[in-house]
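Open the model in your viewer and keep the selection tool at hand.

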Amino acid sequence: MRKKSSKRWLQEHFKDPYVKMAFVSGYRSRAAYKLIELQEKDHLFKPGMVIVELGAAPGGWTQVLHQLIQPGGKVIALDILPMTPISGVDFIQGDFTQEQTLQVLTSKLQAGSKLPINWVVSDMAPNLSGNASIDIPRSMYLAELALGFALANLMPEGCFLIKVFQGEGFDSFLTSIKKAFEKVMIRKPRASKAKSRELYIVAKGKRPI
């Protein structure tokens, strides 16, 4: 049964137009097109910005972000998985839920002088089991951690972009973001699979704490 489902997934994957476009364009994942669409719609990123990216591997978003913020911008990317280096990007391999990883990230941000962080972006997701009652709480836990990091480290008027999954905890999480930011939007990019529960929250203008 597993072999059949795996074969079906591979067939669907390679028929996916965004997978084909990513291959042709040199992007590491189809997720690059979700970010490109968000950028075209909401004009999020500009040259010179400093961005912390959580859940970066394999690097599709990282490639797009690095392109959009040049010249003069900086991406600091983090993931529990290894990622092939991208020139000009600082990458940290570590578990975002562990204090040791956060200390490495903080020291990177404070090297020389504290970098003013314009954006925290998160495409993090847990290893999905297919059971929503397990996957959604795990996802919301990561989302809460990402929001806490963003509120602690973003510059005044800084912004936050995060992938979340609809389900238990979503409404209260959205309420927390609305309290912390001036403008909040929910997006479902065309490149996001229709059957997926994933949504993207775009939050601009961090309020004073």
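Select aspartate 79, which sits in strand β2; helices (H or I, at least four residues) and strands (E, at least two) are DSSP runs, numbered from the N terminus. This is a predicted model, in which local features need pLDDT of at least 70 and side-chain atom pairs count only at pLDDT 80 or more, while totals for chains, interfaces and linings use all residues. Residues are numbered from 1 along each chain as its sequence is written, and side-chain values use heavy atoms, with hydrogens and water left out.

Aspartate 79 is buried (under 20% relative accessible area, 1.4 Å probe, protein chains only). Aspartate 79 has no salt bridge (a side-chain nitrogen of Lys or Arg within 4 Å of a carboxyl oxygen of Asp or Glu). Lysine 163, the nearest side chain of opposite charge, is 9.5 Å away.

Contacts of aspartate 79 (heavy atoms within 4.5 Å) beyond four places in sequence include Gly55, Phe91 and Gly94.

Now select Leu54, Leu105, Val120, Phe160, Ile162, Phe173 and Ile177. These have the most contacts inside the largest nonpolar core, which has 33 residues (buried Ala, Val, Leu, Ile, Met, Phe, Trp, Tyr and Cys residues joined through side-chain atoms within 4.5 Å). β1 (50–54) and β2 (74–79) are among the elements giving two or more residues to this core. α6 gives the most, with eight residues.

Last, select Ala32, Leu44, Ile86 and Leu161: they belong to a second, separate core of 28 residues.

Key
Buried means under 20% relative accessible area, exposed over 50%, partly exposed in between (1.4 Å probe, protein chains only). Lys and Arg count as positive and Asp and Glu as negative; His and the chain ends are not counted.
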